[in-house]
Amino acid sequence: MKNGLIIINCIILSIGTCGGPLLTRLYFTNGGKRIWFMSFLQTAGCPIILIPLLVSFLSRRRSNRNPNNVENKAKTKLFLMETPLFIASIVIGLLTGLDNYLYSYGLAYLPVSTSSLIIGTQLAFNALFAFLLVKQKFTPFSINAVALLTVGTGILALHSDGDKPANESHKQYLIGFLMTVVAAVLYAFILPLVELTYKKARQEITFPLVLEIQMVMCVAATLFCLVGMFIVGDFKVIEKEAREFKIVGSVFYYALIVITGIVWQGFFLGAIGIVFCASSLASGVLISVLLPVTEVLAVVCFREKFQAEKGVSLLLSLWGFVSYFYGEIKSGKKVLDKPQPPETELPILPVSDSVA
């Protein structure tokens, strides 16, 4: 069951990591200018989570009604989450909303390739925060993976200065660069914070409960961005922006908005799913591995330059990915092969034939 969840979460995280930035950049390069709106879309797809939550609730209710279940008289809870976990999820959600704004601001002025290489630096911060918050244990393989992925990101940074879009000023490029750096550091903090929340929760963490946590986080992040949209007046100009959109027009605009919200939800759901099934470091490693893939897709979709450095970075990222998961498989085999302590046998008491 757990292996199946890992595979599913890896798939949807891959779709979100690669597709989310590309769709967001497609919006900005074709006339879109609403940064708060794009921040809002990153978590606005959360109603999709209601589908598996409903299935989980119906399954629990059917189980409780089973006459063979000793707890069949208990009323099925609609929500599994308790108050402390609910409050923690709201706080993390607000931080996620802020991170979404910082990332969207950077992507409005940076090419996808440049944005991806900056986001790649989150792995080093993720490893640091995982060590400080959840006492993450490092193996030679995980250290090697972090080093390779960090070096790959550094190699990409060597020739990023030629990626500035022609229609952006140096000031806009610089601010976008700094915003993306802060977004990378903040998200590197959020992932271990989610793992810490799992560990400190005073209730059993199941996958349906993880879905509830994700739902609360996304609602809090969405409301945070909605406030920003009201302040800057995004709702007043969305209809006009749809009519003036460069590709096809309003039909394509609204289709792009819906698809973007769904794809970004895959990113967030997959990320915290990997944290639940493995660790925050594993989630950070997988995100970093997928960033060079996003770069290749950006070259194909937006005709961005693909220097030799990006090819080297892709190879280093794949090497780091294989190193990390080889270490995890090897560690798992050591646990399985570890000899179990023999069962303690009680000595046989002598039987006396004498009669007292």
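Student: Are F245 and Y253 buried or exposed?

Tutor: The model is a predicted one. A residue is called buried when its relative accessible area falls under 20%. By that criterion F245 is buried, and Y253 is buried as well. For Y253 the relative accessible area is 0%.

Student: How many aromatic pairs are there, and how is the pair of Y27 and Y253 classed?

Tutor: Two rings pair if their centres lie within 6.5 Å. The count comes to 21 aromatic pairs. Y27 and Y253 form one that is tilted, with 6.2 Å from centre to centre and 45° between the planes. This pair links distant parts of the chain, since Y27 lies in helix α1 (residues 2-29) and Y253 in helix α11 (residues 250-277), 226 residues apart. Y27 is buried, at a relative accessible area of 1%.

Student: Why is the pair of F245 and Y253 edge-to-face?

Tutor: Planes over 60 degrees apart count as edge-to-face. The planes of F245 and Y253 stand at 70°, with ring centres 5.2 Å apart, so this pair is edge-to-face.

Student: Which residues form one aromatic cluster with Y253?

Tutor: The cluster consists of Y27, F28, F245, F252, Y253 and Y254.

Student: What span should helix α9 have, and how far apart are its end C-alpha atoms?

Tutor: The expected span is 1.5 Å times one less than the number of residues. Helix α9 (residues 207-232) has 26 residues and should therefore span 38 Å; its end C-alpha atoms are 37 Å apart, which agrees.

Student: Which residue just after α9 takes a positive phi?

Tutor: That residue is G233, with a phi of about 80°.

Conventions
Residues are numbered from 1 along each chain as its sequence is written. This is a predicted model: local features need pLDDT of at least 70, side-chain atom pairs count only at pLDDT 80 or more; totals for chains, interfaces and linings use all residues. Side-chain values use heavy atoms; hydrogens and water are left out. Helices (H or I, at least four residues) and strands (E, at least two) are DSSP runs, numbered from the N terminus. Rings of Phe, Tyr and Trp (its six-membered ring) pair if their centres lie within 6.5 Å; planes under 30 degrees apart count as stacked, over 60 as edge-to-face and the rest as tilted. Buried means under 20% relative accessible area, exposed over 50%, partly exposed in between (1.4 Å probe, protein chains only).
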